Amino acid sequence: MIDAILILMYVVVAGAIGIVAWAAIRRWQLHDRTADTSNGIPSRKIVVGVVGGMVLCLLLTFLMASSAPMLINGKRFDSVFWLKTADMLINTSLILLVVAVIVVVCSNVRNARSRR
């Protein structure tokens, strides 16, 4: 039964990756290049910056992640890839939370200054 659930999960993940790839390719093909700026806001630059920053953050946190073996439920877990991946996801989420707080504070300070 557990094997069937694992196989189903692999199929679902593969399907999700396929759908995301298809949607990204379709979006790229149908994108209107004249709409890169919306109401004076450079939306294209923002999208490229966010995606590039996220990929860079994931890559850096993966490279700096620890691969030290752990003792979990009495068993030694020493898969370097999965240890680094788990560490990458945790550290990236913490970094993104800190960045979000900083952006909110800076935005509030900027709005307070512009109201004066």
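**A tour around helix α3**

Start by selecting F81, which is partly exposed, with a relative accessible area of 47%. Keep in mind as you go that this is a predicted model.

W82 is exposed, at 52% relative accessible area. A search of the whole structure turns up two aromatic pairs. F81 and W82 make an edge-to-face pair, with 4.9 Å from centre to centre and 75° between the planes. Bring in F62 as well: ring pairs tie F62, F81 and W82 together into a cluster.

Stay on F62 and show K84. The charged end of K84 sits over the F62 ring, 5.6 Å from the ring's centre.

Next, zoom out and colour helix α3, residues 80-115. This helix has 36 residues and reaches 52 Å from its first C-alpha to its last, close to the 52 Å expected at 1.5 Å a residue. Which residues of α3 are buried? Select L83, K84, T85, M88 and T92. What do they pack against? Show α2 (43-63), β1 (70-72) and β2 (75-77), and you have the partners of the buried α3 residues. While you look along the helix, remember that an α-helix has 3.6 residues a turn, so residues three or four places apart point the same way.

Last stop: R76 and D78. The structure holds one salt bridge, and R76 forms it with D78, the closest N and O atoms being 4.0 Å apart.

Methods:
Residues numbered from 1 in each chain as written. Predicted model: local features only at pLDDT ≥ 70, side-chain atom pairs only at ≥ 80, totals over all residues. Heavy atoms only, no water. Helix = DSSP H or I, 4+ residues; strand = E, 2+ residues; numbered from the N terminus. Expected span 1.5 Å × (residues − 1). Buried < 20%, exposed > 50% of the residue type's maximum accessible area, 1.4 Å probe, protein only. Contact = heavy atoms within 4.5 Å. Phe/Tyr/Trp six-rings, centres within 6.5 Å; stacked < 30°, edge-to-face > 60°. Lys NZ or Arg CZ within 6 Å of the ring centre and 35° of its normal. Salt bridge = Lys/Arg side-chain N within 4 Å of Asp/Glu carboxyl O.
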